[in-house]
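Open the model in your viewer and keep the selection tool ready. This tour goes stop by stop.

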Amino acid sequence: MGAVRFGVDDLVNLRFAISPLWETVASLRASEDPGRHAVHLPWIKRALVLRQDGELARLLEPLRTALAGFEPPPPRCPLAEIEEELALAGASEVGDAVLAWWRAAVLPYWPRIRAVLEADVVHRTRQLAEDGIQEVFAHLHPTLRWTEDRLVSVDLPPGEWGLDGGGITLVPTAFATRCRLLPGRGPTPPCVLYPARAVGTLWERRGSADEGLARLLGRSRAQVLADTSSPATTTQLAARTGLSLGAVSQHLAVLRDAGLVTSHRYRREVHYTASGMGLALLGRRTV
């Protein structure tokens with residue numbers, strides 16, 4: 001059992017971030033242990049094929065040993081580029097292989113992965129503003145609990161650590177199964193990695209909406225609804241459906257007014273997600 005003790009300044013300096021480097025490293029580890037990552041099996045099947053590629057396989061072979069002792073640094077900004085994170089990590093011996101895996105196995109799916117992570121951040125930020133830090137930690141993961149001024153978990157290293165007033169960063173991840181603490185480095189505060197919400201929607205097939213729903217809503221509007229089963233921006237929905245941005249915006253306005261989708265702003269983007277009612281129409285369970 002480990003504990004992180006918060007001071008007053010640390011409570012004020014709670015922040016969120018997303019780490020492409022962590023997702024890349026965690027996804028590679030997930031591809032080596034499919035049994036523990038059943039939710040990612042649709043992606044893992046494709047990843048295993050990629051691992052048979054001659055050039056990529058050559059790069060990945062020495063990476064297996066190197067990754068055993070490789071610890072990505074805590075992210076310094078809300079959404080860094082993977083090249084920046086690798087430079088900060090000083091990971092010259094694994095950098096080429098990590099970048100090759102990122103480009104082959106993660107980058108093609110990064111928009112949908114990032115959308116799920118950003119939707120999680122939006123949810124936690126709103127929860128923090130409305131209910132306070134205790135509620136954020138109470139619902140972050142079953143192994144975490146908030147006790148007086150401490151974050152306690154069996155997933156944290158044994159012992160107790162006090163923060164130095166610089167706060168802590170919370171980092172949702174699609175490929176984690178448990179929480180993890182990354183110690184701070186220099187001016188960068190430590191971070192807690194935790195499994196993101198709604199990861200179960202990540203690899204859902206986004207095929208055509210079924211005929212009954214298409215007759216009810218119209219084929220294009222039903223397709224837009226189907227493609228919001230995981231969070232997506234207007235631009236992403238336009239790319240998925242082949243519709244114009246204007247048409248997608250009009251369909252989203254109708255779906256939102258009907259209570260079938262919800263919208264959340266994160267930084268400069270608005271993400272749309274099917275509501276419980278919308279998922280029920282699609283024949284999918286809410287997460």
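Start with a term: buried means under 20% relative accessible area, exposed means over 50%, and partly exposed lies in between (1.4 Å probe, protein chains only). This is a predicted model: local features need pLDDT of at least 70, side-chain atom pairs count only at pLDDT 80 or more, and totals for chains, interfaces and linings use all residues. Residues are numbered from 1 along each chain as its sequence is written, and side-chain values use heavy atoms, with hydrogens and water left out.

**Stop 1: Ala198.** Select Ala198, in the loop between strand E8 and helix H9 (211-217). Helices (H or I, at least four residues) and strands (E, at least two) are DSSP runs, numbered from the N terminus. Ala198 counts as partly exposed, at 23% relative accessibility. Its phi is positive, about 60°, although Ala198 is not a glycine. Most residues other than glycine have a negative phi.

**Stop 2: the strands.** Select E3 (residues 144-147) and E4; 4 bridges join them, and they run antiparallel. Two strands pair if DSSP finds at least two bridges between them. Leu144 stands opposite Ser153 in E4. Arg5 has Arg150 of E4 as its bridge partner.

Which residue takes a positive phi in the hairpin of E3 and E4? Glu148 does, near 55°, and the hairpin has 2 residues between the strands. Glu148 is not a glycine either. Glu148 is exposed, with a relative accessible area of 68%.

Stop 3: Select H2 (20-32) and H3 (41-50). Their axes come within 10 Å and cross at roughly 85°. Axes are lines fitted to C-alpha atoms, for helices over the stretch in contact, and angles run from 0 to 180 degrees between N-to-C directions. Angles of 65 to 115 degrees count as roughly perpendicular, so H2 and H3 are roughly perpendicular to each other. Show Ser27, Ala30 and Ser31 in H2: they meet Trp43, Ile44, Ala47 and Leu48 in H3. Contact means heavy atoms within 4.5 Å.

**Stop 4: the core.** A nonpolar core is a set of buried Ala, Val, Leu, Ile, Met, Phe, Trp, Tyr and Cys residues joined through side-chain atoms within 4.5 Å. The largest one has 41 residues; Leu21, Trp43, Trp101, Ile113 and Phe175 touch the most other members. H6 gives the largest share, 9 residues.

Terms used. Angles under 35 degrees count as roughly parallel, over 145 as roughly antiparallel, 65 to 115 as roughly perpendicular and the rest as oblique.
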